[in-house]
Amino acid sequence: NIRDVSFKEITISTKSTTGSVEFDGIGDYLTLAYNSELWFDSSNWTIECWVHPNTFANYGAIWEHGYGAGSTVRSIVIYINQTDGLLRIAQSPDGSTNHDTSLGVSLSINSWHHLAVVRNGSTVTAYLNGIAGTSVTAYDLYNSTTRSHFIGAQGDLDSTVMYNGFISNLRVIKGTALYTDDFIPPTREL
């Protein structure tokens, strides 16, 4: 059970599923205190949510864990590239090597998208509205950091990596690759 959640100047809005959180791209984010149950190792996992980007002015971090301010400890960051709206993943298995790759799905501003990023064995695949993008190599993320998990920002709170838009129904499933083929996105809360 995750109990420690920090909220910083966020706005709740209505969405057809159950509501969403608006991030302004300049200082809004959510944090979850470090919890080893959310730590990704070599097992399968799924991160899933609805997103509605307002702009691509920043590198919009959706989920992050392990980035140490002033260091290269970037265990995992899932973010939207500011120049083309492509979803990317940065993985660091050892705290010094950063594997930053496109997941082959492009989002548009001012639209709701269902996103699922899934590790299944040795690959990570993103699904945009249920359609698979590019599969990339999955790295075992054994970094021993005890830093918090972030939603809508990178852990060093760099203003160029803050998400601007809405996120709804974010869930993290450790141990299960929920989607392994194209699928119809859920229409109810996750």
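Reader: How much space lies in the largest cavity?
Author: About 50 Å³. A cavity here is a set of points on a 1 Å grid over the protein atoms alone, where a 1.4 Å probe fits but cannot get out. The volume is the space filled by probe spheres set on the points, which are joined across faces, edges and corners.

Reader: What kind of model is this?
Author: A predicted one, where local features need pLDDT of at least 70, side-chain atom pairs count only at pLDDT 80 or more, and totals for chains, interfaces and linings use all residues. Residues are numbered from 1 along each chain as its sequence is written, and side-chain values use heavy atoms, with hydrogens and water left out.

Reader: Which residues line the largest cavity?
Author: Among them are P53, F56, I80, M162 and Y163. Lining residues have an atom within 4 Å of a point.

Reader: And the second largest cavity, what lines that?
Author: I47, C49, I62, I78, L115, A116 and V117. That cavity holds about 40 Å³ of space.

Reader: Which strand gives the largest share of that lining?
Author: β10, with three residues. Strands are DSSP runs (E, at least two residues), numbered from the N terminus.

Reader: Switching to β4. Are its faces covered or open?
Author: Both faces of β4 (residues 29-32) are covered.

Reader: Why two sides?
Author: Because side chains in a regular strand alternate between the two faces of the sheet.

Reader: What stands opposite L32?
Author: H149 in β13. Three bridges join β4 to β13, and the two run antiparallel.

Terms used
On a 1 Å grid over the protein atoms alone, a cavity is a set of points where a 1.4 Å probe fits but cannot get out, and a pocket is an open set with protein on both sides within 12 Å along at least five of seven lines; lining residues have an atom within 4 Å of a point. Helices (H or I, at least four residues) and strands (E, at least two) are DSSP runs, numbered from the N terminus. Buried means under 20% relative accessible area, exposed over 50%, partly exposed in between (1.4 Å probe, protein chains only). Two strands pair if DSSP finds at least two bridges between them.
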